[in-house]
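Subject: Structure handover

Hello,

Here is the structure you are taking over, with some notes on it. Please keep it open while you read.

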Amino acid sequence: MINIFLLTILLFAPLQLKAESEDKYIAISSMFKDVAEVNQEIANNDDDVKLQILLQEKSSLFRHLMLVIRGSFIDYQVAGIDNDELKLLRSKISINRSRGNSVAVQRDQYDIDFIMTKRAIGEFVVYLVDASRNYKPEEDIVGDTKQKIKQIKQKIKATPEPIQGDSPIYQDLAQNHADLLKIYAVNLDFLEYVLANPDTIVTTSFFQKMSLISLISYINSFDIFRNINFKIAPLRIDMGGIIISLCIVILNLIAFPLVSKTSNRLVERFILDDGKIENVELVFISMHKPLLYLMLFFGIDLAMNALLYKTEIKITLDYFVYIIYAGLYIYLLFNIIDSVAAVHSEHATRRNKEYNKELIILVVKGLKGLVFLIILTLLLSHFGINITAIISTLGIGGLAFAMAAKDSLANFFGGLNIMIDRIYKMGDWIKVGSVEGTVVEIGLRSTTVRTFDNALITMPNSLISTASVLNWNRRSVGRRIKMHIGVTYESNMDDIRQALQDIKDMLQDHPGIASPKESHTTQARKKFVKLEDLHGIKSTQLVFMDRYNDFSIDILIYCFSKTVNWADWLEVKQDVMFKIAEILEKNELSFAYPTNVQINRDESNSETGISHLLVE
């Protein structure tokens, strides 16, 4: 929309931007002024960290300048720079020399040298533009640049020191000398940058010839756009950038929905159609959206580069662009990590292979943290922040940090102990103190438990690792069934003996009750640990007449179900209780129930000793 608005203004609005010759190339001249200001800051600064940042800033300015130069079509007549002022200065020197005013002559000579250096910089910029457009060999550019460096160094060496004095003319002389040295420094820095980075100008391959800046430069070379470019030069944009950015935006608007719909149909047709998602497809699906967003943003970034490559705001926008790219890459890598972890989990499930979910989650979180730290480090380095200094600061404050993070470290190592010792895992039914429920997640800092009344409780890992944990899921065979069956005292002892034997036989033959005669093929990982205790295997069966109770003879029934699932255990227990009732009925035994014996004595017959016995 910004591009369309600017183009509309250019075509229909009567622009009143009357740019002078200096304003035609304001984008280039302003960058040289910025370099001069950076050089001044470098001269006045002794801090090594700040100097490093300033040097990186100067390098960034020159890099941006190279882009502007490659995208420009310059017919700049450098011989006309400050021509009238130059004539005036030469006339003043002639007059002051005839009068013997050597201070004024030196002052004006500094001004002439300043103007001639400006022209030299302009000539070299025009030379670089022509070299880029005409595909000049790198060797020629390097040779010509070395020659110009030699010339500027000779000029600096031949420049006389200013005459000393206290009057205002001496102050003007010193100021002109300082300005001359500044522009000499800028010129020398510029030449040395080109010498060190000739590839920023040289076009060697077909792809470089077809690069964005080359296309912009080609469009700007048309006569129809040249006058328009001069008028809009103060805006630091040109027609080549506007046209290229518009084309990129239009292509992006057309390509993004087309690619999105096509890729979605391919996914539905070849991946989701058969209802099976294999490993490669799962990873591809996770990469689908991030790659589409990267493509969309790449088009936007390319369009902004084409439109704003001459402006200072482009440097600021690059920081935000870099942050967005970093976020998109984090999004992409996080999705890949999650999908690969899901693939491994699926493999383990298909092979019926036991795997530690908590350890996989820990590895996934660790990898994500590593990716985030790496991208954050690259981001900080791109912004010129010294990572080494930050690490050194952390080393100095490491003790204070360790003291402040003592509880966090204790929770972290407590979580590691829980995972390594496998005290419990996700989905286990545990009880820690007064907290009882199902483990939802084992994090680096805490464990979350869902209680049976559906409340979520978070407990620090350090507390759990030092507490007594009751884990009901750490058993593979055997959930206890224990009960006492009471029969009446009127029962025949032979009938009780037969009932005990029948109950034993029933438990032995019951498909849901663990039998001591069965073997459970589970290998022990530790030699000196009893197999049954290590894996939670219980198959004891006990059926005995246990005690004479107040109103019943109690039979103890003690056994274990094969299943450890609560619902299945209740079903087995219920079936056992029904079968016990049938056995008692078959052996003519009755369930005892509480009875009271009450003796009613008749007072009138007390002498004869007659009484009535009531049993309830």
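A residue is called buried when its relative accessible area is under 20%, exposed when that area is over 50%, and partly exposed in between. Please also keep in mind that this is a predicted model.

Salt bridges

By that cut-off Asp-108 is buried, because its relative accessible area is 1%. Lys-92, at 32%, is partly exposed. The side chains of these two residues, Asp-108 and Lys-92, form a salt bridge with an N to O distance of 3.9 Å. Asp-108 sits in helix H5 (residues 102–133) and Lys-92 in helix H4 (residues 83–98), so the bridge ties together parts that are 16 residues apart in sequence. Arg-107 is involved as well: Lys-92, Arg-107 and Asp-108 are linked in a network of salt bridges.

How many salt bridges does a search of the whole structure find? The search gives nine. Two others are described here.

One of them joins the side chains of Asp-494 and Arg-497, at 3.1 Å from N to O. Both residues belong to helix H19 (residues 493–509) and are three residues apart, so about one helical turn separates Asp-494 from Arg-497. Asp-494 and Arg-497 are both exposed.

The other joins Asp-554 and Arg-547, whose closest N and O atoms are 2.8 Å apart. Asp-554 counts as buried because its relative accessibility is 4%, while Arg-547, at 41%, counts as partly exposed.

Helix H6

Helix H6 (residues 138–158) has 21 residues. From first C-alpha to last, H6 reaches 30 Å, close to the 30 Å expected at 1.5 Å a residue. Which residues in H6 are buried? They include Ile-141, Val-142, Thr-145, Ile-149 and Ile-152. These residues cover an arc of only 90° around the axis, so they lie on the same side of H6. The face turned away from that buried side carries the exposed residues Glu-139, Lys-150, Lys-157 and Ala-158.

The nonpolar core

The largest nonpolar core has 50 residues. Phe-32, Leu-65, Met-66, Ile-69, Leu-128 and Phe-190 are the ones that touch the most other members. Among the elements that give two or more residues to this core are helix H2 (26–43), helix H3 (48–70), H5 and H6. Helix H7 (168–196), helix H9 (212–220), helix H11 (239–270) and helix H12 (279–308) are also on that list. Which element gives the largest share of this core? That share, ten residues, comes from H7.

The two sheets

Strands of a sheet pair through backbone hydrogen bonds, either parallel or antiparallel. Two sheets are described below.

Two pairings can be followed residue by residue. Strand S1 (residues 429–432) and S5 are joined in the antiparallel sense by three bridges, and Ile-430 stands opposite Asn-471 in S5. Strand S3 (residues 446–451) runs antiparallel to S4, and five bridges join the two. Here Ser-446 stands opposite Pro-460 in S4. S3 and S4 form a hairpin with four residues between them. In the turn, Asn-454 has a positive phi of about 70°.

Another open sheet has three strands in the order S6-S8-S7, again with antiparallel pairing. Which strands are at its edges? They are strand S6 (479–487) and strand S7 (542–548), each pairing on one side only. From one strand to the next, the twist averages 25°. S6 and strand S8 (residues 553–561) pair in the antiparallel sense over nine bridges, with Met-483 opposite Ile-557 in S8.

Asp-568 is found in helix H21 (residues 566–586) and counts as partly exposed because its relative accessibility is 37%. In sequence, Asp-568 and Gly-512 are 56 residues apart, and in space they are 9.0 Å apart from C-alpha to C-alpha.

Regards

Methods. Residues are numbered from 1 along each chain as its sequence is written. This is a predicted model: local features need pLDDT of at least 70, side-chain atom pairs count only at pLDDT 80 or more; totals for chains, interfaces and linings use all residues. Side-chain values use heavy atoms; hydrogens and water are left out. A salt bridge is a side-chain nitrogen of Lys or Arg within 4 Å of a carboxyl oxygen of Asp or Glu. Buried means under 20% relative accessible area, exposed over 50%, partly exposed in between (1.4 Å probe, protein chains only). The expected span of a helix is 1.5 Å times one less than its number of residues. The arc is that of the directions from the helix axis to the C-beta atoms. Two strands pair if DSSP finds at least two bridges between them. A nonpolar core is a set of buried Ala, Val, Leu, Ile, Met, Phe, Trp, Tyr and Cys residues joined through side-chain atoms within 4.5 Å. Axes are lines fitted to C-alpha atoms, for helices over the stretch in contact, and angles run from 0 to 180 degrees between N-to-C directions.
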